Structures are given as C-alpha cells and as structure tokens.
Amino acid sequence: MSLALFLALHDMDDMPAGHAMTVMQMHEPWWRRAMQWVTDLFSTPTSIFSPQATPAHTIFSLSMLVLAITLAIFLAVAGMLLYAIIRFRHRAGDSNADPTQVYGSNQIEVLWTVIPILILVVLFLSTARVISVTEQARKPANALDVVVIGHQYWWEYRYPALGVVTANELHLPASDPKAPTPTYMTMSSADVDHSFWVPNLAGKMDLIPNKINVMWIDPHKPGLYLGQCAQYCGTAHAKMLIRVYVDSPADFAKWIAHQKMAAENDPAAAEGKLAFEHTACVNCHTVTGTSAKGKFGPDLTHLASRDTIASGTIKNTPQNLRQWIDDPDSMKPGSLMPKMNLSSLELDAITAYLASLH
Amino acid sequence: MSAYTAVLTQSTDEWQLPDKGKVGMICLIVAEAAIFIIFVLAYIFYLGKSLSGPTPAEVLKLPVLGTVCLLSSSLTVHFAVAALERNEAPLSSLWLALTVLLGGIFLADTAVEWHELIYEHGLTIRTNLFGTTFYSLVGLHASHVIVGLGMLSLVLLFAVAGKLNSSHAHRLHVLSYYWHFVDAVWVVVFIVVYVLGR
Amino acid sequence: MQTAGAMTFDSPPSHPKLWLDAVNEWFTTVDHKRIGMLYIGYALVFLLIAGLEAAVMRIQLAVPNNHFVSPQVFNRMFTMHGTTMVFFVGMPILFGFGNYLVPLMIGARDMAFPRLNAFSFWISAFGGLLLYFSFIGGYGLYGAGTAPDVGWFAYAPLTAKLFSPGHSTDYWILAVFLSGIGSVGTALNIVTTIVCMRCKGMTMARMPLLPWLYLVTSAMVFIAIGPLTAAQMMLGIDRFLGAHFFDVQAGGSAVLWMHFFWIFGHPEVYILVLPAFAFANEIIPVFSRKPIFGYSAMVGATVLIGFISLGVWAHHMFTVGLGPAGNTFFTLATMIISVPTGIKIFNWLATLWGGKIRFATPMIFSIAFLFQFLIAGLTGIMLSAAPFDWQLGNSYFVVAHFHFVLVGAILYMIFAAFYYWFPKMSGRMLSETLGKWHFWLFTIGFHLTFDFMHVPGLMGMPRRIYTYEADRGWAVWNMIESIGMIFQAAAILIFVWNVVRSYRHGEEAGPDPWDAWTLEWSTASPPPHYNFAEEPVVHSRRPLWDLKHPQAPDSDYE
C-alpha cells in the first residue's frame with residue numbers, strides 16, 4: 001500500500017542507502033507528514049525496495065510488475081467473493097426453499113482457465129528475461145574478483161588478484177552505471193550452508209560447501225550496506241551480519257594498499273605481540289608478518305581498521321575487544337571461539353596489541 | 001430417511017470392484033519403488049565422484065548366478081500360485097520350495113560377493129561414495145529379498161503342514177506381486193550398478 | 001429421525017462398566033471411526049504443544065536483542081514447531097478426518113484393512129512421543145542429546161555428526177521416519193477402500209469430492225514419502241555407519257539432500273492442503289444450498305495439481321545456484337500449478353453465486369478460508385518468480401506465505417470440519433456462540449500476526465534468527481505479530497473449551513443437523529459401529545438430495 005506512495009514521493013536513484021528521508025519542514029500539512037511517516041517506516045537499511053545496484057534494481061522492477069498483477073487479481077476475485085457473500089446470503093424472511101441448483105458450465109471453466117494462462121504467460125516471460133539478464137550477464141574485463149567463504153559464524157573475503165585477505169567487512173569500489181566496474185563474488189563454504197544477502201544490492205546467493213556459486217553486484221553509490229546470513233547455519237546464525245563498504249574508486253585503492261601491508265609492529269605493543277604469538281590464538285588466526293598463520297578464524301592483520309568485531313555485531317572498542325577475547329560466548333552465544341582463559345595481565349597486553357593492528 | 005431402501009432402477013448385480021489385496025499391494029509397491037528410485041538416483045549421481053578408493057570397474061563382477069536364480073524364482077512362484085489355484089497343494093509346495101531355494105542362493109551369492117569386496121578389496125560403506133551408495137542400494141534390495149523370503153517360507157511351512165488349499169491362492173497371488181516387484185528392482189539395480197555403472 | 005441404528009442386537013454397551021474397559025477399547029480398536037478420533041485427539045494435543053513453541057518464539061522476537069530464551073532453545077523451538085505441526089498435527093488430523101469420513105461417505109462399513117489402520121496410527125503416535133522424548137533425554141539425564149535444532153528440513157551438512165553431535169538429530173530422523181510409515185499405511189488403506197469398497201451404484205463419477213481428493217492425496221503420499229524415507233535412511237547411515245551421502249569432505253553433496261527433501265517437501269504441502277480443499281468441497285455447497293459448481297473440473301483440477309506438484313520442488317532452491325535453465329524451468333512449473341488452483345477458487349465462488357448462504361460457524365470459517373487461500377496463492381505466485389525469490393526466499397515473507405496456507409487455509413478448514421462433523425462424531429452440536437467468538441478472536445489474531453509478517457520479509461529479515469538488531473526497522477512489525485499471537489491463543493482456548501463442554505452438554509444433533517446430502521448424514525449420530533444397517537445404493541452424487549427431492553433428483557441432471 002505504501003509502495004505506491006513511496007514511488008510517488010521519491011526518485012529511487014536519489015535515495016541514499018538506508019537513510020531516513022529528507023528533513024521535513026514544520027509547516028508541512030498533516031497528511032504529508034503522515035505519508036512521510038509511513039514511507040520512513042519502510043525506508044529501512046535492508047529493504048528490498050531501496051535498490052542501489054543493478055541486480056537489486058532489476059528485481060525491483062520485476063517485483064513492481066508482479067505486485068501490480070497480483071494486486072489486480074486480488075481486488076477482482078476478493079471483490080467478487082465479497083459481493084457473493086453479501087448478495088446471496090439468506091436473509092431473515094426469505095423462504096427456506098433451496099435456490100436453483102446449478103451444476104456447472106463448460107464455457108465458464110474454459111474462460112477461467114484461459115485467462116489465468118494468459119496472465120501467467122506475461123508473468124513468466126518477464127521473469128525469464130530477468131533470470132537471463134542477471135545470471136547470464138557478460139563479465140567485463142575490468143570486473144573485480146572477490147572470493148567469499150562462509151564460516152560458522154563469520155565471512156572470509158579474499159581478493160585473489162590484489163593479494164588481500166580480510167574478514168567480515170567487505171570493501172568494494174562503487175560502479176558508475178555508464179562505465180560499470182562490477183564485483184564478481186565467487187562463493188563457497190568451509191563448513192555448512194550459509195547465504196549472502198544484502199537486500200539493497202542484490203538477491204541472495206547460498207554458500208554451499210563443495211559447491212561454487214557466483215554472483216555479481218555493481219553498487220552505484222558509496223556508502224555502508226547491511227545484510228546478514230540468510231540460511232540457518234547453527235546456533236549463532238542470527239549474529240552472522242554482513243557489512244559492505246562501497247568506496248569511491250580512489251578510496252578503494254587506498255584501502256587495498258593499506259590492507260596489502262603487513263601487520264603494524266608498534267613497539268608499545270611488543271609485550272602483547274609476544275603473548276599473542278605464544279598462546280593458542282595462532283592456531284586459528286592469521287596476522288601477516290608474524291608466526292600466526294591459523295585459518296580457522298578471521299584474519300586479524302588489520303583488525304583495528306574495522307568498525308566492528310564478531311561479524312558486525314559488536315563495536316570495535318578496546319573494552320569490547322577485551323571482553324570478547326575473555327569470553328566470546330557472553331557476547332555472541334554459540335560462537336566457536338573458545339574462552340581463552342587468560343590472566344588479566346595477558347588479556348590487557350593482547351588487547352592492546354590487537355588494538356594496534358591498524 | 002433411508003438411502004438404502006431406495007428402489008433400484010438398474011441392475012447392480014454386476015457391481016464388481018477390484019480386489020482389495022491386489023490394490024493394496026500395488027499401493028505398497030509404488031511407495032517402495034519411490035524409496036528405491038531415490039537410492040538409484042543417488043547411486044547414479046555419485047558415479048565417478050568418489051575421491052579415493054576402489055572404483056566399480058575395479059572390483060565389481062557380474063553376479064550372474066544370483067541374478068539367474070532370482071529371476072527364475074519369479075517363474076517358480078508364478079507356477080506355485082497357478083498350482084494352488086488348481087488346488088494342487090503338493091505341487092504348489094514344490095514350486096514354493098524351489099522359489100525359496102533360488103532366493104536363498106541369490107542371498108548367498110550376494111554374501112559371498114560382499115565378503116570378497118570387504119576383505120579382499122577393502123570396500124566398505126564408509127570407504128568412499130561408491131561404497132556408500134553400493135552397499136546401501138544393494139543392501140536395501142537384499143533386505144526386501146529377506147522379508148519376501150521370510151513370507152514365502154511361512155507359506156511353505158503351512159504348505160508342508162498340509163494346511164494350504166485353493167482358498168489361500170488369492171493371498172499367495174498377492175504375495176507373489178511383492179516377489180515380482182523385488183525381482184523387477186533387481187533388474188534395475190543390475191543394469192545400473194553392474195552394467196552401466198562399471 | 002430414526003434410522004436403522006435402532007437395530008442394536010450387535011451394538012456395544014453405551015456406558016462401559018469399568019474405566020479400564022473404555023481405555024482398552026480405545027487402545028485395541030480397529031474401527032475406522034475410533035481410529036479417526038484417536039488421530040484427531042492426538043493432533044489436537046500436539047497443536048497445543050506446537051502452539052506453545054510458537055508463543056515462545058513470538059515472545060522472544062517481540063523486541064530486538066531480547067533474552068527471553070537462549071539461541072540454543074530458540075533454535076530447538078522453531079525446529080520442533082515446524083516438525084510437530086507438519087508431521088504430528090497436520091498429517092494426523094487430516095488422516096483422522098479421512099479415516100472417519102471416507103468409509104461413511106462411500107457407504108462402506110470400515111476401511112479395507114482395519115488392523116493396518118490401527119497399526120498406522122500407533123506407529124505415528126509413537127513417532128511423536130519419540131520426538132518429544134528428546135526434550136527429556138537431555139545431556140544431564142541420559143547423555144543422549146536434546147531436542148533437534150536443525151530446522152524442520154534439516155539441511156545437510158548441518159545434520160552431520162560433526163556439526164550436530166549428540167542424538168538430537170537422530171530423534172528427528174527416527175520420529176519422522178516412523179510417521180512416514182504410518183502415513184503410507186493410512187494412504188494405502190484409503191486408496192484400497194475407495195477403489196474396492198464403494199457401495200452399489202457409486203461409480204467414481206458419483207463419489208463425493210472428499211473421497212476423490214483423499215484418493216489423490218493418498219496417491220501423492222506413495223510417491224512423496226518414499227524420497228523422505230530414503231533421505232532419512234541415508235542420513236542415518238551417514239551418522240551411524242560413517243557413510244558419505246551428504247559428507248562434503250568425501251565429495252558428498254549438500255544440494256542432493258535439498259533435492260531429495262523437497263521432492264518430498266513440496267508434494268507434502270499439497271498433501272496437507274488437498275484435504276482442506278476436500279472439506280471446502282463438502283461444506284461450502286451445503287451452506288450455499290447448491291451443489292458444487294463444476295464437479296468434473298474440480299476432479300480434473302485436483303488430479304492436475306497432484307501431478308504438477310511432483311515437478312515444482314526446486315522452487316525451494318532458487319538461491320542454491322541451479323543455474324538459469326533450472327531456475328527458469330521451476331519458475332514455469334510453479335506458475336503453471338496456479339492454474340488448476342485458481343480453477344478451484346473460481347468454482348467455489350460459482351458455488352456461492354446464486355446460493356442462499358447461511359453463516360453457521362463451519363461456513364464462516366470456510367469463507368475466511370477462501371479469502372485467505374486467495375492471498376496465500378498470490379504470495380505464492382510472487383515467490384514463484386525466481387528473481388523475486390532471490391530477495392524474498394528464506395525471509396519472513398516466505399514464513400508469512402506458508403502460514404497463510406497452513407493456518408489461514410488449512411487450519412481454518414480444519415476448524416470448519418470440526419464444527420461441521422463434530423455433531424456426527426459425538427451426536428452433539430458445538431456451541432455456535434462460542435464458535436463465533438473462536439472465529440473472530442482467531443481471525444483478528446491471525447491477521448495481526450501474519451498479514452504484517454510480510455513486511456519484515458520485504459525489509460530484509462531472514463528466517464530462523466533468534467533475535468535481530470534494533471537498527472533494521474523490524475521491531476514494530478514483530479511487536480504487532482507477537483500481540484496477534486495472544487488473540488490466537490485465547491481463541492484456541494475457547495475452541496478447546498467448546499469441544500470439551502459440548503461433548504457432554506451440547507445440543508443433541510440427530511443424524512442430519514445441516515440438511516446435507518452425502519451418505520454420512522443418513523445414519524445415526526454417532527454412527528453405530530457397523531455404520532449402515534443395510535449397504536446403501538446410490539444413483540447420483542447427492543443421494544440424500546434425491547431422497548429429499550424425489551421430484552427433482554440429481555440423477556436427472558448429472
């Protein structure tokens with residue numbers, strides 16, 4: 001219902017990602033403010049009706065057609081049902097004799113078989129076109145390749161051509177619609193089924209162990225796009241959040257250059273680095289330039305450059321980091337990272353070290 | 001109000017409906033066939049996908065003896081039914097005994113084959129995808145053979161005790177449907193596993 | 001109205017001397033009517049339990065980052081809720097009504113295989129008890145595991161021993177496996193009874209639509225339950241014998257489980273919905289005072305639905321990476337199935353048209369069914385478009401869609417069937433006043449919960465999450481949904497009270513309280529254990545109409 005209002009009020013391409021709508025003047029008429037309230041209600045960070053990349057746009061257009069057709073069918077059929085139960089009800093004072101017994105009509109059966117078939121032909125052909133356009137798009141030479149590996153309960157991101165490995169916060173370059181530079185994501189899983197869903201950018205695609213799936217996105221505007229795992233993967237499935245940072249091409253190049261560097265070696269954090277390298281942390285985590293080469297958990301080389309930890313669920317502050325290392329399950333129940341059982345001093349040192357990994 | 005005292009306007013003397021036993025058994029066969037088809041599909045899907053271990057071509061030999069026996073047992077059970085319908089119980093017992101014997105040889109043949117596969121080729125259900133799908137499909141079939149043999153042996157017991165006559169022919173006929181089904185499944189398994197799959 | 005039920009030389013005593021006698025009778029019965037009631041009673045108990053599980057989930061989801069239950073408990077809740085509702089509420093209650101009604105409607109004395117009938121019930125019942133035993137068999141007690149938490153469709157490899165240690169998944173496998181055996185047994189009985197035991201004159205073309213739909217449903221059971229049974233055997237062999245059917249480390253395929261499960265799972269939802277259609281086919285004509293419009297079209301549409309439903313399963317797998325050919329094919333097949341389904345809705349509409357509609361409780365539930373099933377079908381068409389499903393699949397939009405079908409369509413028709421046939425089963429009417437309270441409270445709650453549930457789906461909320469972030473904009477919708485749950489719970493309590501009270505104190509029904517036309521209304525309420533004193537003979541689809549209107553019998557017009 002508010003979709004029509006939504007469309008009437010806003011030009012889709014101008015809408016910033018997940019951002020509440022324009023500032024309202026105080027003297028706006030009440031009905032305009034009411035409509036604004038309604039559209040605000042639907043302008044959420046992960047709405048499928050705020051497309052910011054071509055796949056999401058294409059699906060949005062198809063969804064408008066589908067919604068229009070189904071709405072029309074609903075109004076027609078529900079209207080007739082409503083009419084029938086009002087018009088043909090037994091009213092007090094009516095005789096109790098049964099009405100004319102009608103058994104059927106072949107012509108009518110043909111009519112309401114053929115008309116739905118015609119509607120479906122239209123629907124099917126539009127849908128087939130979208131499937132083809134999305135899944136059989138030609139990959140341009142300048143596309144960026146990212147490998148996405150799903151884990152219980154975090155996301156591994158690799159940029160094979162650029163030599164970068166990171167986790168949980170995906171950075172992509174914005175793509176100019178006139179000269180597209182899409183990102184192609186090759187996806188699989190290291191353990192169970194997961195699903196990558198960022199509604200503003202595209203439909204979801206499953207990450208399945210022993211299977212490779214490929215999807216592409218070309219976000220048009222820089223910004224932060226949110227999503228989360230959409231295939232039940234175990235206890236902490238609800239906390240496997242997705243953060244996609246779309247940077248301008250210049251910013252993206254800067255980010256890549258920074259990520260390629262080996263881990264910072266801050267002398268003030270030397271004690272923590274020593275402690276880190278001598279505990280079990282190195283069995284699961286990688287910090288390039290150190291002896292930590294574990295692959296089970298996220299890469300921590302530039303941990304301090306991230307806004308969040310624990311796949312988007314916790315703000316990356318030293319205090320949170322300390323508690324996370326001490327008892328991950330207390331912040332993300334079901335997390336596969338065990339309590340590290342460190343002494344308070346070790347905890348402080350290691351936290352300081354990790355917080356220094358910009 | 002009594003629907004049942006309505007006057008008959010046409011003759012319903014020939015109100016013949018199909019036989020319950022046969023319809024019921026056909027339903028069971030359809031349901032069991034659905035299970036088998038899935039195991040066959042899994043077998044076909046995983047052909048060539050094992051990451052290690054023996055392949056079908058390396059270790060499988062055509063189970064000629066078992067197959068000939070099992071398929072012939074369909075014939076013998078058919079004769080057993082025919083004989084019982086003519087009330088020739090002793091002859092029927094003979095054909096039944098032959099059926100059980102042939103089925104038993106099939107099982108023995110399978111047992112020998114499995115022994116060889118396990119102890120000489122090291123192929124078990126957990127060795128690789130081939131082992132998994134082979135043993136489960138052939139094993140599922142063998143378990144159906146065992147159930148069928150059990151039922152047939154029971155009938156044979158009654159026959160030998162002199163308690164069988166033509167009034168039981170119908171039930172034996174229904175049982176024979178099950179046995180024919182088990183044979184038909186073997187034809188499919190034989191073709192998929194031993195002919196096409198090697 | 002006196003019937004041949006007065007011939008009581010063979011009838012059992014109406015008040016057993018000992019309480020134990022009564023229990024023994026019910027435990028050892030092979031009478032299709034008793035078995036039907038056992039199924040229905042059993043399903044009602046599980047309806048309440050699974051409803052409690054839903055309530056727990058709705059409380060947990062009412063506000064973001066809630067701590068009402070832990071994620072471990074929540075994950076068990078949605079697994080048990082789904083598994084219970086499908087296998088231990090839906091299937092039993094629909095087989096229960098089928099068991100009760102099919103022999104009566106075709107003029108038979110019992111099912112074809114009464115002992116198989118009893119066996120099928122008890123093995124399904126045992127499956128349900130086994131599933132719930134898993135709650136007690138917790139880590140502390142026997143170290144056996146606890147309730148399954150892998151989701152009702154139990155995707156591999158989450159169900160592998162590696163990712164689901166302990167025995168919780170094993171309880172799921174075994175319980176559902178046993179229920180499958182029971183389903184096949186009952187379906188076998190229904191088919192054989194319909195094909196082989198119709199009364200004289202009842203050709204297939206004169207059979208009421210309810211047995212027709214149960215015939216198609218049962219045929220689908222044979223074809224659909226096999227894949228589930230096979231898949232569970234494979235999973236069991238994986239978990240216990242170290243096999244590799246779904247072991248991705250050994251080259252096994254997670255997608256193969258999905259195919260096998262949904263080859264069962266999709267026909268399963270039609271197995272659940274066709275009996276609901278069957279009830280509509282009987283109830284709507286009686287309260288419109290007209291025969292069903294387009295009997296042959298209804299039969300044809302049902303058979304078509306049965307066939308096509310076997311070929312649409314991968315619309316549950318649009319996001320798995322089937323490739324454009326696969327996605328396009330399954331989009332087409334799923335869209336096609338909407339044609340026979342639509343034909344049914346139109347025929348019901350035409351039945352109402354020109355009628356003299358009476359709004360007794362069975363009818364108001366049926367009318368709500370029509371509207372709600374229409375909506376469910378339309379959201380299904382939306383989901384059938386694969387790209388749209390890429391956004392909406394696995395989200396709360398899907399949850400809203402299938403609850404519209406399962407609750408809005410199927411449960412509503414189950415309620416309608418209750419109000420319609422309870423008089424036949426017990427000899428007493430359910431209270432119309434309480435019935436209307438039940439209807440309105442439930443409908444308000446249903447729409448509060450499930451209409452608004454579409455919205456979070458459109459706004460990116462995936463399913464099976466035990467909580468959600470506050471910044472997603474889902475909170476207000478979840479709160480509304482949770483409030484709706486309260487109304488539904490109240491309505492169900494009223495319904496249970498209605499059933500319990502009316503069983504002893506309801507108004508006496510007599511054999512034919514609704515002025516209906518099929519054979520079950522020609523015998524006493526409740527029927528004697530032999531159903532009919534003399535085997536009926538019929539000449540049309542509505543034998544009682546013919547008797548009540550000898551000047552214009554149906555046989556002149558069919």
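α9(C) and α10(C) pack at an angle of about 165°, and are therefore roughly antiparallel (an angle over 145 degrees; under 35 counts as roughly parallel, 65 to 115 as roughly perpendicular, the rest as oblique). Their axes lie 10 Å apart. This is a predicted model: local features need pLDDT of at least 70, side-chain atom pairs count only at pLDDT 80 or more, and totals for chains, interfaces and linings use all residues. Residues are numbered from 1 along each chain as its sequence is written, while chains are lettered from A and ligands numbered from 1 in the order in which they are written.

- Axes are lines fitted to C-alpha atoms, for helices over the stretch in contact, and angles run from 0 to 180 degrees between N-to-C directions.
- Helices are DSSP runs (H or I, at least four residues), numbered from the N terminus.
- The crossing of α9(C) and α10(C) is left-handed, that is, the near helix is turned anticlockwise from the far one by less than a right angle.
- On the α9(C) side, the contact (C-beta atoms, placed from the backbone, within 7 Å) includes Thr331(C), Met335(C), Ile345(C) and Trp348(C).
- Residues on the α10(C) side include Leu370(C), Phe373(C), Leu374(C) and Ile381(C).
- The residues of this contact divide into seven nonpolar, six polar and no charged.
- Ala, Val, Leu, Ile, Met, Phe, Trp, Tyr, Cys and Pro count as nonpolar, Asp, Glu, Lys and Arg as charged, and the others, Gly among them, as polar.

**Chain C against chain A**

- Of the two pairs of chains that touch, A and C have the most contacts.
- Here 75 residues of chain C meet 76 residues of chain A.
- On the chain C side, the elements giving two or more residues are α3 (71–105), α7 (254–288), α8 (295–308), α9 (324–352), α10 (361–384) and α11 (386–392).
- α9(C) gives the largest share, 15 residues.
- This side of chain C has 45 nonpolar, 22 polar and eight charged residues.

**Chain C against chain B**

- This contact takes 47 residues from chain C and 34 from chain B.
- The chain C elements that give two or more residues are α5 (168–196), α6 (209–241), α7 and α16 (543–548).
- α6(C) supplies the largest share, eleven residues.
- The chain C side divides into 32 nonpolar, eleven polar and four charged residues.
- Chains A and B do not touch, and their nearest C-alpha atoms are 12 Å apart.

**Nonpolar cores**

- A nonpolar core is a set of buried Ala, Val, Leu, Ile, Met, Phe, Trp, Tyr and Cys residues joined through C-beta atoms within 7 Å.
- A residue is buried if 20 or more other C-beta atoms lie within 10 Å of its own, exposed if 12 or fewer, and partly exposed in between.
- The largest core has 314 residues, and those touching the most other members include Phe365(C), Phe369(C), Ile410(C) and Met413(C).
- Helix α12 (residues 396–426) of chain C gives the most to this core, with 24 residues.
- Beyond four places in sequence, Ile410(C) contacts Gly90(C), Leu272(C), Val273(C), Ala276(C) and Val405(C).

- Val64(B) lies in α3 (residues 64–85) of chain B, and counts as exposed with 11 C-beta neighbours inside 10 Å.
- Leu434(C) lies in α13 (residues 432–452) of chain C, and is partly exposed, with 17 other C-beta atoms within 10 Å.
- Leaving aside residues up to four places away in sequence, Leu434(C) touches Ile494(C), Trp497(C) and Asn498(C).
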